[in-house]
Each structure stands twice: as structure tokens, then as C-alpha cells.
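Colleague: I would like to learn how to read a model like this one. Please take me through it feature by feature.

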Amino acid sequence: MDMELLTFIGKEVPNAASDIKESLDLLSSSIHMCLEQLGEQILKAHNNADFERSIEISQQSKKIKEIDTQIQMMVTQLDEVLDHCENIEMMESDAEVEKIEREVPNYRDYYVDQNIEYSLYDDFTHKRPAAFKLNNEKELAKDWKEVLLKTLAVVAKKDIKTLDMFTTLPEMQGKKVPYFSKHQNSKMRKPMKIEGTDIYVETNLSANGIRNLLIKVLKQYKIPMNSYKIYLRADYSELH
């Protein structure tokens, strides 16, 4: 995609541009993990004296890395576009949902069945969470920040070292705003401390931004995606 086209998307449909950027960033994270696994395969082939396989995997890994470089360039370009689009409303998703509930007198008409399970690959724009389930343990959550914070608290009890690693791991950080830090980093917009740890996480993210960050977290912890479910309280999509 050229810069002119990305600028057009950012100007006309900034929310879509933001979703594209987050999706590309998530794709890049998955590619990084793929390359790490291929690196292990290269070492394994080398140790088995299977040098032809080692060379083949290396060559294919190089092609994958080139694709990732292109994706990262697009993410950087979209960051620039979003920064310069004056009509973008920088409002976190929880605040936006609260605004809807204040302005729409019959907001309870938009309540949904709280027993329906949603995966982390669903779209949560303009939706209010009720709870999440991880490894068959259900936790109530009144908003997306609470979903994020409670999930991180759960995985921290499982393995604090992996969470601690997020503070220095590039793929677990935002392009401009740190997502994890051991102190209240001045670049973070709304850092909140994760319960039971000395680590802060950025919470000023859209619903889908939190969703994408949770996907990255689960992948780092090697937790299967199908073991994590979201339950919704309300869906205000039709009001937009």
C-alpha cells in the first residue's frame, strides 16, 4: 500500500485505519513467533547434520522476514497517518461505551445473552464485556480495562517471569506507547498496575486493541486461544 492510499483511508475512515494497523501489528507478532520456531528447526537440523534442510529453512525464513519488514513499514506509515488525521477521536472504548449509556435512555434494550461465548478473534467495537473465562475459570469484568488487568493478574500467578519479560520484549510493546513497564512510564497514557506484580500496563486502548494485546499475551504464555472466552453484557453496534 502506498502512503497516498493509506492517507486516504485514514482521512475517510480513521477507525478502519486504526483496526488495519492493529491487525497488521498482530500479524507481525505471529510472524515473529513463526521465525523463532523456524530458528529452533534450523538448530535441530544442524545438530542432526541435515545441512540441506538447515539451508532450506534459512532461505525460507529470510523470505518470511522480508514480508514482515513490509508489514512493519505499513504499520509505521499508518501510525504517521493516524497522528496527522485531525478528525480522529482519541477516545478509549470504555469511555465511549459509557458515553453511549449516558446518552441513550433505553440502553438496556441493547443487553445481550451473557451466556454466549465469544473468541478473541471476534470484533468487540462498541460492545461492553460482562466476563471472561480462562482455562474454565470465569471472572466478572465490568469493562475492557478490567478484562485486561484481571487476565494479566491470572497469568502472572501462573508465571511472573514471562510477564516480567514483556517490559523489554519489542513485540509486546506499542510502536509509540509502551504497553508494559516496571514504572509509570511518562510515555504511557493511562498505566495501571497489574495486581500482585510491580508491572504497569497501558489501559488506554480500544476494545480491539485490548483483544489484540491479549492474543499476544496468550501466545507468549503458550495458552491455546480456544481456552479463552469473552462474555458480553451489551452490544451498541447498531447505534453507529
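Colleague: Is F8 buried or exposed, or something in between?

Modeller: Start with the cut-offs. Buried means under 20% relative accessible area, exposed means over 50%, and partly exposed lies in between (1.4 Å probe, protein chains only). F8 has a relative accessible area of 49%, so F8 is partly exposed. F8 is found in helix α1, residues 3-12. Helices are DSSP runs of H or I with at least four residues, strands are runs of E with at least two, and both are numbered from the N terminus.

Colleague: How far apart are F8 and V81, in sequence and in space?

Modeller: They are 73 residues apart in sequence. In space, the C-alpha to C-alpha distance is 9.0 Å.

Colleague: What should I know about the model itself?

Modeller: It is a predicted model: local features need pLDDT of at least 70, side-chain atom pairs count only at pLDDT 80 or more, and totals for chains, interfaces and linings use all residues. Residues are numbered from 1 along each chain as its sequence is written, and side-chain values use heavy atoms, with hydrogens and water left out.

Colleague: Now salt bridges. What is the general idea?

Modeller: Side chains of opposite charge can pair when their charged atoms come close. The cut-off is a side-chain nitrogen of Lys or Arg within 4 Å of a carboxyl oxygen of Asp or Glu.

Colleague: How many salt bridges does the whole structure hold?

Modeller: Six. One of them joins K65 and D68, with the closest N and O atoms 3.8 Å apart. Both residues sit in helix α3 (residues 51-84), and because they are three residues apart, about one helical turn separates them.

Colleague: Which side chain meets K150 in a salt bridge?

Modeller: That of E146, at 3.7 Å from N to O. Both residues lie in helix α5 (residues 144-158). They are four residues apart, about one turn of the helix. K150 is partly exposed, at 28% relative accessible area.

Colleague: And which salt bridge links distant parts of the chain?

Modeller: D164 with K182, at 2.8 Å from N to O. D164 is in helix α6 (residues 160-165), and K182 is in the loop between β3 (180-181) and β4 (191-193). The two are 18 residues apart. D164 is partly exposed at 27% relative accessible area, and K182 is partly exposed at 44%.

Colleague: How do I read helix packing?

Modeller: Look at axes and angles. Axes are lines fitted to C-alpha atoms, for helices over the stretch in contact, and angles run from 0 to 180 degrees between N-to-C directions. Here helix α2 (residues 14-47) packs against helix α7 (residues 207-220) at about 5°, with the axes 10 Å apart. That angle makes α2 roughly parallel to α7. The cut-offs are under 35 degrees for roughly parallel, over 145 for roughly antiparallel, 65 to 115 for roughly perpendicular, and oblique for the rest.

Colleague: Which residues of α2 and α7 meet?

Modeller: Contact means heavy atoms within 4.5 Å. From α2, the residues include D19, E22, L26 and M33. From α7, they include N208, I215 and K219.

Colleague: What does S54 touch?

Modeller: I42, A45 and H46, leaving aside residues up to four places away in sequence. S54 is in helix α3 and is buried, with a relative accessible area of 9%.

Colleague: Last, the sheet. In what order do the strands run?

Modeller: Two strands pair if DSSP finds at least two bridges between them. Three strands form an open sheet in the order β2-β1-β6, with antiparallel pairing. The edge strands are β2 (137-140) and β6 (228-235), each pairing on one side only. The twist averages 25° from one strand to the next.

Colleague: How many bridges join β1 to β2, and how many join β1 to β6?

Modeller: Four join β1 (residues 127-134) to β2. Seven join β1 to β6. A131 has L140 in β2 as its bridge partner, and R128 has A234 in β6.

Colleague: How many residues of β6 are buried?

Modeller: Six of its eight, so β6 is mostly covered.
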